[in-house]
Amino acid sequence: MRAKRNMSDHNNEIIKDLSHKIESIISMYEGLKKERVKLEIKNLELINEIDNQKIKTKLLEEKINNLMIAKNLSVGGENSDEAKNKLLKLVREIDKCIALLNS
């Protein structure tokens with residue numbers, strides 16, 4: 001009978017240990033799940049920031065282009081003709097866009 005009790009105690013210890021390990025794993029899983037959600041939110045924030053930076057870069061590139069055209073127009077000479085051609089090309093592109101919008 002004592003052997004059965006020892007075996008029963010041993011089985012209870014194994015069950016308690018296993019139960020504790022399962023609770024620990026569940027706790028770790030919940031923590032990792034929360035961390036994943038935080039990382040997904042951070043990822044979306046960074047994607048939005050990248051998109052904003054791309055827009056800013058494009059606007060700055062357009063400003064640089066406009067400043068170069070303005071500089072070339074104000075200086076005159078050979079560069080002036082090139083700048084005028086670029087400006088005419090831009091005006092034509094704008095006209096095409098307006099025509100597409102109106103149709």
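**Arg36 and Glu40.** I began with Arg36 and Glu40, which both sit in helix α1, 4 residues apart, or about one turn of the helix. The model I am reading is a predicted one. I looked at the side chains and found that Arg36 and Glu40 meet in a salt bridge, at 3.1 Å from N to O. I noted in general that side chains of opposite charge can pair when their charged atoms come close. I then looked up how open this pair is. Arg36 has 46% relative accessibility and counts as partly exposed. Glu40 is partly exposed as well, with a relative accessible area of 41%.

**Count of salt bridges.** How many salt bridges does a search of the whole structure find? I got 3.

**Glu30 and Lys33.** I found a salt bridge between Lys33 and Glu30, where the closest N and O atoms are 4.0 Å apart. Both residues lie in helix α1. Their spacing is 3 residues, about one turn of the helix. I checked the exposure of each partner.

**Asp17 and Lys21.** I turned to Asp17 and Lys21, whose side chains meet in a salt bridge of 3.4 Å, N to O. What separates Asp17 and Lys21 along helix α1? They are separated by about one helical turn, because they are 4 residues apart in that helix. For Asp17 I read a relative accessibility of 39%, which means that Asp17 counts as partly exposed. For Lys21 I read 47%, and Lys21 is partly exposed too.

**A nonpolar patch.** I next looked for nonpolar residues on the surface. Leu18, Ile22 and Ile26 form a nonpolar patch there. Together these three residues have about 280 Å² of accessible area. I picked out Ile22 and placed Ile22 in helix α1, which covers residues 2-75.

**The whole protein.** I closed with the totals. I counted 2 helices and 0 strands in the protein. How much of the protein counts as buried? Of its 103 residues, 4% do. I also looked up the surface, and the protein exposes about 9800 Å². Carbon and sulfur atoms supply 61% of that area.

Key. Residues numbered from 1 in each chain as written. Predicted model: local features only at pLDDT ≥ 70, side-chain atom pairs only at ≥ 80, totals over all residues. Heavy atoms only, no water. Patch = residues over 30% accessible without salt bridge, like charges linked within 9 Å, V, L, I, M, F, W, Y side chains within 5 Å. Areas by Shrake-Rupley, 256 points an atom, 1.4 Å probe, with all protein chains shown as cover. Buried < 20%, exposed > 50% of the residue type's maximum accessible area, 1.4 Å probe, protein only.
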